[in-house]
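Welcome, and please take a moment to look over the sequence and the 3D view below.

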Amino acid sequence: MNVRDAIKTRKSVRKFLDKPIEDEKLKAVLEAGRLAPSASNRQEWRFVIARDPETRRKLAEAANGQTFVGKAPAVIVACAETDGHIMSCGQPSYPIDVAIALDHMTLAATELGLGTCWIGAFDERRVKEILGIPERIRVVELMPMGYPSDPSLVRKNRLPLNTIVKYEHW
Ligand SMILES: Cc1cc2nc3c(=O)[nH]c(=O)nc-3n(C[C@H](O)[C@H](O)[C@H](O)COP(=O)(O)O)c2cc1C
């Protein structure tokens, strides 16, 4: 599968088969995140992989009760060990860098037949308690991952290019 196919095929997966993820596949997905670019190559991303069923159940509770989160065989908890660096453009670098790494991971997962879903609706404090994540660390996103129970393609509901792109000036 080439990158464009992975981009077209990736979709949010909210139903997973009861099948564990092979260690090599998990490692390949994490490696795709490790190789992502980051501001000044800061690489502030840190990932906690939750596979224990009880931990996943608690994470699902912390994700505003989105039970499907706990039904995935693994939940990637994407964190940042950050000093809160603000780039000269005024944007903080860590959420952008963590998101880039995670997006690499979603595409690598797609190539390997795995499904993912971004989870931004969660209680950071509760997630930290569940996983023993230190106070200084930020939890940026959760990402359940597993084999999709329905691997079919979906039509993407997206704005057309001529709405989102302007050439030369606004
Ligand atoms: C930053 C971010 C946070 C999201 N949070 C959630 C979430 O908490 N729960 C959920 O079910 N989907 C969540 N999504 C998934 C979006 O709803 C989904 O990506 C969007 O509807 C487009 O669908 P697609 O991923 O299938 O292309 C999130 C996506 C992003 C990028």
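The report below starts with the whole protein and then visits some of its parts.

## Before you start

This is a predicted model, in which local features need pLDDT of at least 70, side-chain atom pairs count only at pLDDT 80 or more, and totals for chains, interfaces and linings use all residues. Residues are numbered from 1 along each chain as its sequence is written, and side-chain values use heavy atoms, with hydrogens and water left out.

## The overall fold

The protein has seven helices and four strands.

Along the principal axes, the C-alpha atoms fill a box of roughly 50 × 40 × 30 Å. The radius of gyration is 17 Å, which agrees with the value near 15 Å that a compact globule of 170 residues would have. That radius is taken over C-alpha atoms, and the globule rule is 2.2 Å times the number of residues to the power 0.38.

## Inside, outside and charge

Of the 170 residues, 40% count as buried. Here buried means under 20% relative accessible area, exposed means over 50%, and partly exposed is in between, with a 1.4 Å probe and protein chains only. The accessible surface comes to about 10,200 Å², and 53% of it belongs to carbon and sulfur atoms. Those areas come from the Shrake-Rupley method with a 1.4 Å probe; for residues, only the protein chains shown count as cover.

Contacts (heavy atoms within 4.5 Å) tell you how the chain meets itself. Among those between residues at least 6 apart in sequence, 77% join residues at least 24 apart.

There are 26 positive and 22 negative side chains, and the centres of the two sets lie 5 Å apart. Lys and Arg count as positive and Asp and Glu as negative, while His and the chain ends are not counted. Each charge is placed at NZ of Lys, CZ of Arg, CG of Asp or CD of Glu.

## One face of helix α6

Helix α6 spans residues 124-131, and its residues Glu124, Val127, Lys128 and Ile130 are buried. Seen down the axis of α6, these buried residues fall within an arc of 160°, so they line one face of the helix. The arc is that of the directions from the helix axis to the C-beta atoms. As a rule, an α-helix has 3.6 residues a turn, so residues three or four places apart point the same way. The cover over the buried residues of α6 includes α3 (53-62), β2 (74-81) and β4 (137-146).

Ile76 sits in strand β2 and counts as buried at 1% relative accessibility. Leaving out residues up to four places away in sequence, Ile76 touches Val29, Phe47, Val48, Ile49, Met105, Glu141, Leu142, Met143 and Met145. Thr116 belongs to strand β3, residues 115-116, and is buried at 4% relative accessibility. With the residues up to four places away again left out, the contacts of Thr116 include Lys11, Val13, Ala109 and Met143.

Val98 lies in helix α5, residues 93-111, and its relative accessibility of 0% makes it buried. Beyond four places away in sequence, Val98 touches Trp45, Ala78, Cys79, Ala80 and Val140. Val98 and Val139 are 41 residues apart along the chain, with 9.8 Å between their C-alpha atoms.

## Towards the surface

Ile7, in helix α1 (residues 3-9), is partly exposed at 47% relative accessibility. Apart from neighbours within four places in sequence, Ile7 is in contact with Leu107 and Lys156. Leu161 is part of helix α7 and is exposed, with a relative accessible area of 62%. From Leu161 to Gly70 the C-alpha distance is 36 Å, and the two are 91 residues apart in sequence.

Which backbone angle is positive at Asn64, although it is not a glycine? Asn64 has a phi of about 50°; this residue lies in the loop between α3 and α4 (68-71) and is exposed at 58% relative accessibility. Glu168, not a glycine either, has a positive phi of about 70°. You will find Glu168 in the segment after α7 (161-164), exposed with a relative accessible area of 80%.

Note on methods: Helices (H or I, at least four residues) and strands (E, at least two) are DSSP runs, numbered from the N terminus.
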